[in-house]
Amino acid sequence: MSQLLQQTINGLALGSIYALIALGYTMVYGVLRFINFAHSDVLMLGAFAAYFLTPRVEALLGPQSIPGAILVVVASAVICAGIGMLIELLAYRPLRNRPKLTVLITAIGVSLLIEYTCQHRHVLGAETRRFPTLFPSSDFHWQGLTINSNDIVVLSVTLFLLAGLWFVVQRTKTGTAMRAVAFNHHAAALMGININRVISFTFGLGSALAAVAGILYALKAPGIEPLMGVQPGIRAFIAAVLGGIGNLPGAALGGLVLGALETFAGGIPGVSNYRDGIAFAILILILMFRPAGLLGKLQPEKV
Amino acid sequence: MNARSTTTWIALLAAALLLPGCQPAGNQSGGEIVVGEYASLTGKEATFGISSHEGTLLAITELNAAGGLLGKKLRLQTEDTQSKAGESATVVNKLIARDGAIAILGEVASSRSLEAAPICQQAGIPMISPSSTNPKVTETGDFIFRVCFIDPFQGTVMANFARKTLKAKRVAIFTDVKSDYSKGLAKFFKEGFLKEAGYEIAVELDFNGGDKDFKAQLTAIKGAKPDAVFAPCYYTDAALICIQARQLALNVPFFGGDGWESDLLMKIGGESVEGHYFSTHYSPDADGGKGKEFVEAYKKAYNGKLPDAMAALGYDSAMILADAVKRGGSTEPQKLRAALADTQNYDAVTGRITINPSRDATKSAVILQVKDGKFKFIETITP
């Protein structure tokens with residue numbers, strides 16, 4: 001029984017990371033109707049930004065302080081927002097009026113470009129590095145159960161950002177513009193909305209989310225390398241599809257469900273090596289039987 | 001660009017590509033002996049490749065300082081495999097065909113040695129792998145040798161260690177299903193451990209190399225209440241596994257194979273890897289052999305850096321080759337092959353090496369423990 005509870009805790013902890021990454025995927029999709037595959041690499045860049053910023057911030061504010069950690073996270077998010085906007089400007093904007101498939105393939109290209117450039121030994125190198133401890137963490141033990149304080153931080157940050165994003169998209173002027181662009185960007189342009197600015201903002205916001213997710217992921221497993229984003233990125237993409245791509249609460253739900261399923265599978269001897277297979281089987285099943293996802297509404301393809 | 005200038009460019013490009021091919025194959029007449037080496041100097045397993053290369057280079061330098069072989073100087077021609085699949089075949093072909101290497105030294109990773117071995121076998125050029133432990137490598141043919149032990153031996157060593165030193169009755173096995181090395185070690189460990197009555201495997205779980213979250217499996221392992229956990233994997237995964245095991249209060253000894261040996265194990269794992277064990281080829285603290293001299297020479301050559309097992313094996317691979325050239329009195333491939341196969345009780349840095357009929361080295365293994373952020377020598381286990 002306690003093992004079952006422990007696995008639920010493990011699953012929620014893992015799932016909330018997936019959920020956090022999935023939020024970024026789903027938001028960009030919601031506005032632009034395209035999957036930004038470079039999202040998982042921006043996540044990696046976020047972790048590395050924090051890796052390089054931490055010693056400098058610690059020299060200023062002392063080691064492992066809460067304000068220092070927040071400063072590192074915010075600064076990395078800002079850096080990654082810049083990177084995200086730059087990627088959009090250089091790679092996606094010139095293709096704005098091309099078929100969606102062109103942009104999708106370009107996104108895969110951008111992703112590979114970042115991964116392999118960073119692996120070069122004069123850039124970051126392929127070696128795994130130890131991610132610094134940003135703030136003190138402790139394990140709470142209770143009746144044979146263990147909860148790590150980092151997992152609680154991840155879950156609260158995910159919920160907080162979900163609420164924040166919902167507020168931005170539904171209740172602010174920029175959010176209204178984002179929804180208008182999502183609905184029909186030609187009409188939105190005619191209404192006087194600066195489309196380039198809205199799309200740029202969306203990418204910036206999505207990339208900032210990726211940076212936060214990257215740092216929290218690195219805190220959980222403190223070994224970072226240029227390919228660290230690939231595996232959680234794919235899971236988060238599946239989580240976004242599972243919840244209904246384009247739907248913010250759906251992404252969070254999808255992440256939690258996927259994390260829990262994977263964790264339960266991982267704990268069963270003989271099934272544990274099919275952990276990755278289970279994630280992909282879910283993707284196939286969802287696409288076959290409920291393509292709009294758990295919380296999504298099916299809409300006819302716009303031509 | 002118009003069509004004509006395109007043609008010119010293509011012609012120039014073709015000329016540039018053909019030029020190196022004009023060099024005569026084989027540089028033996030130049031009064032030097034070329035030894036080919038292929039190693040992962042960059043990429044994922046760069047730590048291993050660089051150590052191995054440094055050991056080999058030190059051996060060649062020492063041999064030349066002592067006057068070379070058969071009155072000729074040695075030249076080490078090194079090619080980088082970038083830790084990538086496919087690259088080994090290309091560079092080894094080049095080493096044989098263009099550089100005229102008398103023998104090929106390499107690689108660390110079994111998968112890449114398996115790629116190059118058929119090429120060396122077909123060309124009839126002896127190949128010596130410093131540290132590929134998968135049994136299949138030398139099965140390729142009679143020109144393929146190695147100076148390290150193989151996985152069945154390492155698995156058995158760890159099984160004996162678990163029974164005798166750790167006094168564990170129930171052991172959990174945690175395997176990386178993506179790696180042949182890990183699966184092989186797990187299999188041989190299990191066979192060795194269950195050989196005697198009264199011992200059992202508590203639970204067997206798998207992960208995919210590169211995973212970051214192991215808590216699901218570790219929770220199940222904790223539930224099975226093992227006395228110790230055998231995790232044959234590479235150092236990055238090992239470090240993360242140890243960290244998460246500590247978080248879950250799974251406080252039993254973990255132990256693995258030579259894939260654990262890297263400074264990064266402690267850098268990433270920190271406190272959490274303290275007290276855990278692994279088997280490897282060599283320890284600078286072990287008695288006997290040429291260990292002490294080698295450590296001094298290596299430290300002098302590389303700014304005080306302490307050699308690891310890969311460096312020692314890289315050194316031994318070159319020294320075994322030199323020994324065979326001396327005994328056979330020739331660099332002619334057939335004679336060299338015969339001399340290598342005849343190696344008996346050679347006093348190497350990593351222990352006494354005898355090449356057995358399957359062209360593997362019969363030699364001892366050492367057990368190390370992580371203690372105060374360093375590797376502490378525990379015991380030597382002979383076959």
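Modeller: With burial: a residue is buried if 20 or more other C-beta atoms lie within 10 Å of its own, exposed if 12 or fewer, and partly exposed in between, with C-beta atoms placed from the backbone. This is a predicted model, where local features need pLDDT of at least 70 and side-chain atom pairs count only at pLDDT 80 or more, while totals for chains, interfaces and linings use all residues. Residues are numbered from 1 along each chain as its sequence is written, and chains are lettered from A and ligands numbered from 1 in the order in which they are written.

Biologist: Then Arg33(A): buried, exposed or partly exposed?

Modeller: Arg33(A) counts as partly exposed, because it has 15 C-beta neighbours inside 10 Å. Its phi is positive, about 55°, although Arg33(A) is not a glycine.

Biologist: Where is the place of Arg33(A)?

Modeller: In the loop between helix H1 (2–32) and helix H2 (39–61) of chain A. Helices (H or I, at least four residues) and strands (E, at least two) are DSSP runs, numbered from the N terminus.

Biologist: How many helices and strands does chain A come to?

Modeller: Chain A has 11 helices and four strands. Its radius of gyration is 19 Å, close to the 19 Å that the globule rule gives for 303 residues, so chain A is as compact as a globular protein of that length. The radius is taken over C-alpha atoms, and the rule is 2.2 Å times the number of residues to the power 0.38. Along the principal axes, the C-alpha atoms of chain A fill a box of roughly 60 × 50 × 40 Å.

Biologist: What share of chain A is buried?

Modeller: Buried residues are 47% of the 303 in chain A. Of the contacts in chain A with a separation of 6 or more, 76% are between residues 24 or more positions apart. Two residues are in contact if their C-beta atoms, placed from the backbone, lie within 7 Å.

Biologist: On to chain B. How is it divided?

Modeller: Into domain 1 (28–149 + 288–363) and domain 2 (152–280). The bounds come from an automatic or database domain assignment. Over C-alpha atoms, the centres of the two domains of chain B are 30 Å apart. Eight residues of domain 1 of chain B are in contact with 11 residues of domain 2 of chain B.

Biologist: And how many residues of chain B are in contact with chain A?

Modeller: 30 residues of chain B are in contact with 27 of chain A. On the chain B side, helix H8 (215–223) is among the elements that give two or more residues, and H8(B) gives the most, with six. By class, that side of chain B has 13 nonpolar, 10 polar and seven charged residues. Ala, Val, Leu, Ile, Met, Phe, Trp, Tyr, Cys and Pro count as nonpolar, Asp, Glu, Lys and Arg as charged, and the others, Gly among them, as polar.

Biologist: What is Val177(B) in contact with?

Modeller: Leaving aside neighbours within four places in sequence, Val177(B) is in contact with Asn273(A), Lys183(B), Asp206(B) and Asn208(B). Val177(B) is in the loop between strand E6 (170–176) and helix H7 (180–193) of chain B. With 17 C-beta neighbours inside 10 Å, Val177(B) counts as partly exposed.

Biologist: New topic, helix H11 of chain B. Which of its residues are buried?

Modeller: In H11(B), residues 291–301, the buried ones are Gly291(B), Phe294(B) and Tyr298(B). Seen down the axis of H11(B), they fall within an arc of 65°, so they line one face of the helix. The arc is that of the directions from the helix axis to the C-beta atoms. Glu293(B), Glu296(B) and Lys300(B) are exposed on the other side of H11(B).

Biologist: What do the buried residues of H11(B) pack against?

Modeller: Helix H2 (46–65) and helix H12 (309–328) of chain B.

Biologist: What follows H11(B)?

Modeller: Asn303(B), with a positive phi near 50°. Asn303(B) is in the loop between H11 and H12 of chain B, and Asn303(B) is exposed, with 6 other C-beta atoms within 10 Å. Most residues other than glycine have a negative phi, and most peptide bonds are trans.

Biologist: Where is there a cis peptide bond?

Modeller: Between Gly106(B) and Glu107(B), with omega about -10°. Glu107(B) is in the loop between strand E3 (103–105) and helix H4 (110–123) of chain B.

Biologist: Last one: in what order do the three strands of the open sheet in chain B come?

Modeller: E11-E12-E13, with antiparallel pairing. Two strands pair if DSSP finds at least two bridges between them. The edge strands of chain B are E11 (346–348) and E13 (361–362), each pairing on one side only. E12 (residues 351–355) of chain B is joined to E13(B) by two bridges, and Ile355(B) has Ala361(B) as its bridge partner in E13(B).
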